[in-house]
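Me: I am new to this one and would like to go through it step by step. Could you show it to me?

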Amino acid sequence: MSLIDRGRDHALALFRIVVGLLFACHGAQKLFGFLTTKPPVSITTWPSGPSGVIEIVAGVLIMVGLGTRIAAFIASGSMAYAYFSVHQPKALMPIENSGELAAMYSWVFLLLVFTGPGAWALDKVLASRRQASPELQNA
């Protein structure tokens with residue numbers, strides 16, 4: 001096994017952590033005006049409010065590796081919806097319609113659905129504790 005192959009799970013974990021953090025920040029920007037000059041939106045404002053909630057919740061879950069595949073699936077769908085409903089009607093290609101970020105996030109999260117969280121995931125910690133604790137197995 002090559003050195004690069006041995007580091008695969010750790011590289012995937014770093015990728016997951018960074019992408020999750022950036023996605024959560026994107027939601028915090030929408031809902032709380034974090035690091036932007038734009039005013040925050042209400043969670044009831046369609047579609048920015050619900051998408052901001054998805055971005056924060058899914059971003060944090062992905063970042064810590066808790067329910068990564070499910071959170072990534074929801075985030076991927078959310079970004080696909082954003083691309084096709086907000087950006088694609090303006091022009092065909094993402095470079096023309098300012099939809100590169102939505103398209104990229106959609107594909108990145110779809111990749112995480114299939115690869116899983118990699119190393120350092122909270123799911124792995126919880127699974128190892130369940131295996132180590134016989135009283136939890138009998139419950």
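Me: How exposed is Lys-30?
Reply: Lys-30 is partly exposed, at a relative accessible area of 23%. Buried means under 20% relative accessible area, exposed means over 50%, and partly exposed lies in between (1.4 Å probe, protein chains only). This is a predicted model, in which local features need pLDDT of at least 70 and side-chain atom pairs count only at pLDDT 80 or more, whereas totals for chains, interfaces and linings use all residues. Residues are numbered from 1 along each chain as its sequence is written, and side-chain values use heavy atoms, leaving out hydrogens and water.

Me: Which side chain meets Lys-30 in a salt bridge?
Reply: The side chain of Glu-55 does, at 2.8 Å from N to O. The pair links distant parts of the chain, 25 residues apart, with Lys-30 in helix α2 (residues 8-32) and Glu-55 in helix α3 (residues 48-64). A salt bridge is a side-chain nitrogen of Lys or Arg within 4 Å of a carboxyl oxygen of Asp or Glu. Helices (H or I, at least four residues) and strands (E, at least two) are DSSP runs, numbered from the N terminus.

Me: And is Glu-55 buried or exposed?
Reply: Glu-55 is buried, with a relative accessible area of 0%.

Me: How many salt bridges does the structure hold?
Reply: The structure holds 1 salt bridge.

Me: Back to α2, then. What covers its buried residues?
Reply: The cover includes α3, α4 (68-87) and α6 (100-115). Among the buried residues of α2 are Leu-12, Arg-16, Phe-23 and Leu-31. Just after α2, Gly-33 has a positive phi of about 70°.

Me: What do the buried residues of α6 pack against?
Reply: They pack against α2, α3 and α4; contact here means heavy atoms within 4.5 Å. The buried residues of α6 include Tyr-105, Phe-109 and Leu-112. Gly-116 follows α6 and has a positive phi, near 85°.

Me: A change of topic: where does His-87 lie?
Reply: His-87 lies in helix α4. At 16% relative accessibility, His-87 counts as buried.

Me: Which backbone oxygen does the His-87 side chain reach?
Reply: The side chain of His-87 reaches the backbone oxygen of Ser-98 at 3.3 Å. Leaving aside neighbours within four places in sequence, His-87 is in contact with Ala-82, Asn-97, Ser-98, Gly-99 and Ala-102.

Key. A polar contact is a pair of N or O atoms within 3.5 Å; within protein, one must be able to donate a hydrogen and the other to accept it, and residues adjacent in sequence count only if both atoms are side-chain atoms.
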